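I opened the model and kept notes as I went.

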Amino acid sequence: MTDSAIPASVPSLGAAARAPWRRDVGAGFLVFLIALPLCLGVSVASGFPPMAGILTAIVGGLLVSRINGSYLTITGPAAGLIVVILNAVETLGEGDALAGYRYTLAAIVASGALQIALGRFRAGRFAALFPVSVVHGMLAAIGIMIMAKQIPVMAGLQPEGVSMLGGISRLPGELAYFVPQTMAIALIGLAILIGWPSLGQPWLKCIPAPIVVVASGMLLAWLFGLAHLAPKEGFRFPEQLAYAPDFLVTIPDSLAASLQFPDFSKVLTLTFWQNVLAIALVGSLETLLVAAAVDKLDPDKRLSDLNKDLQAIGIGNMAAGMIGGLPMSAEIVRSSASIDAGARSGWANFVHGALLLVFVAAVPGLIGAIPLASLAALLVYTGYRLASPTTFAKTMDIGREQLALFVITIFAVLATNLLAGVAVGIAAKLLLHVGRGVPLNQLLKLSYRVHKQEGRCLVKVQGSALFSNVLALKSELAGFADGKTVVFDLTDTYLIDHTVMDFITRFRDDYIEHGGRCEIHGLDEHEAYAEHPLAARRNERSA
C-alpha cells in the first residue's frame, strides 16, 4: 500500500487534511475514558497493582502505536490475559504476591522477546494452526474464569486456596456472606452496562458506559462510607473465605512510585518458561485475531502487517515488563469504539496513551476513590460476553462436532491450564478427523496445485483440507496480487473442516473487497455436517 493510500498520515495546512487529525484526537479521548477503568480492573483481577494496567496502556499508546503494523488497533491490557497473569503470579510467587509480581514481570519481558522473534520469522501465519472452535473455547473458558474470580469481589469477599473448578462449585454458597454495600454497587454497575446501549437519548450514548459505572460507584462508595467500612467482628466464615482487605482501589501517591522492576532469578525454572509460553501464546493469538477483525472495520479497507504487529507488541511487552506493567495485546472493544468515533490512524492510540499519562500524573488520588466492586462489575460483564449462551448457540449452528470441541476445550482449560487445555482441544480435533477417515499422512500435508495464467489463478485442492495442513496454502495465497481472478476448485477434496471453510470464505470476501474476483467451485457434491454455510463437509466420492 502506498503512502498516498493512508489518509492524514502527514499533517497538512489544509482544513480537509486537518479533519482526520481532529477525529483521531476525539477518538483518542473517548478511548481514554473507556480504557481508564478497564486498565484498573484488569490489573487488580490479574493480581498486579492497579497502576500496572495504566502503565501498559501508556506504553502501548506512546510507543507501540508508532511502530506497529496495523492502522486502527488500540493496544493495552486485555481481559483475555487476566487468567494467564494471575496464574503466573500464584505459581511463581508460591504464596508471596510481591515476589510473584516481580517474577511475572520477568516472564512478560521474556514473552516479549519471544514475540519479537516470532514476528521476525513471520510466525503470524501460524495462527491458522489453531482450530476456530478451540480458540473460541479457550476464550470462553477465560470468560468463565474471569467471572468466577470477580463475582466474589463484587460481594466484598476474598476466597483463597481453591482450584478453579472447586471455586466455581463453591461460589453459590459463598455468596450468602456478601457485603450489601459492595454488592449494591456492583449490581447497579451491571445494570448500567446492560441497559446503557438501549437508552433512547443519543447524547447519553456518547458517554462510555464504563465511565458511568465508575462514576456511580464512586458516588455510592462515598454515600456508603466504603472507605471506612469494617465488617462485623466475630462473624464466622467458612474455611478459606474472608472479607476483602480493601473495598477501594489502593495506589501509590505518584506515578514514579508505581514503577517496579522484574526479578529474573527464576529464569532457569520450568515453571517460569511455562508461563512465558502461555503469555506469548494468548497475547499473540489475541493480537492477531483482533488485528484481522479491525481490518474489516477499517473504512479505508487497509490490511495490517501481522508480523510487524507481533514484533511491535513484543517490544511493548518488554518495555512494559521492565517498568512494572502488564502484558499488552490489541483490544477489540477499544479498537471498535475508536473507529466508531472516527479514528483514521494510529494517532488515536497515541492520544489515548498520552491522556492516560497526563491523568495519572496530575490527579492520581482520584483513582483511589474507585470501588473495587465497580471494576469487578466491568470484568464480570466482559467475562459473560466471552462465554455467553449466544456463543454456545453460534458454535452449535456450525455443527455438533464444533460444539463438542468447544466444550472439551473449556473443560480442559478449567481443569488444567490454558496451554494444556488448548493442546487437548487440538488433539480432540485431530482425533475427530482420523475418525472421519482422514489418512494420517494428510493430517499435516495438503495436496494442492496453483495454475497461473494471464490475470487468472486456479487453486485446485485434493484430499483433506484441515486446520493442521492449510498453512502452506495460506502462505502462498498471501502473495497473490490484487485485481486478478482467483478460483478455488474443491471438487476432489474428501473433507474440508470448518477452519478451512472459514479461511477460504474470508479470503474470497477480502479479495473481492480489494478489487479482485474470487470464486469457490466444487462443493455441490459435498455433504455438510450442519446447515451453516461454513460447516465442515465431506465428499464420499473423493474418499
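I looked for nonpolar surface and found a patch of Leu 219, Trp 222, Leu 223 and Phe 224, with about 480 Å² of accessible area together. Patch members have over 30% relative accessible area and no salt bridge, and nonpolar side chains are joined within 5 Å. A salt bridge here is a side-chain nitrogen of Lys or Arg within 4 Å of a carboxyl oxygen of Asp or Glu. Areas are Shrake-Rupley values with a 1.4 Å probe. Leu 219 sits in helix α9 (residues 209–224).

I noted the ground rules. This is a predicted model, where local features need pLDDT of at least 70, side-chain atom pairs count only at pLDDT 80 or more, and totals for chains, interfaces and linings use all residues. Numbering runs from 1 along each chain as its sequence is written, and side-chain values use heavy atoms, without hydrogens and water.

Next I took helix α6 (residues 164–174). Its buried residues (under 20% relative accessible area) are Met 164, Gly 166, Gly 167, Leu 171 and Glu 174. They lie on the same side of α6, because they cover an arc of only 150° around the axis. I checked the arc's basis: directions from the helix axis to the C-beta atoms. The face turned away carries Ser 169 and Pro 172, both exposed (over 50%). The cover over the buried residues includes α5 (132–154) and α16 (400–415).

Last, I read off the whole chain. I counted 19 helices and eight strands, as DSSP runs (helices H or I, at least four residues; strands E, at least two). Buried residues make up 52% of the 543.

How values were computed: Buried means under 20% relative accessible area, exposed over 50%, partly exposed in between (1.4 Å probe, protein chains only). Contact means heavy atoms within 4.5 Å. Patches are made of residues with over 30% relative accessible area and no salt bridge: like charges are joined within 9 Å, nonpolar side chains (Val, Leu, Ile, Met, Phe, Trp, Tyr) within 5 Å.
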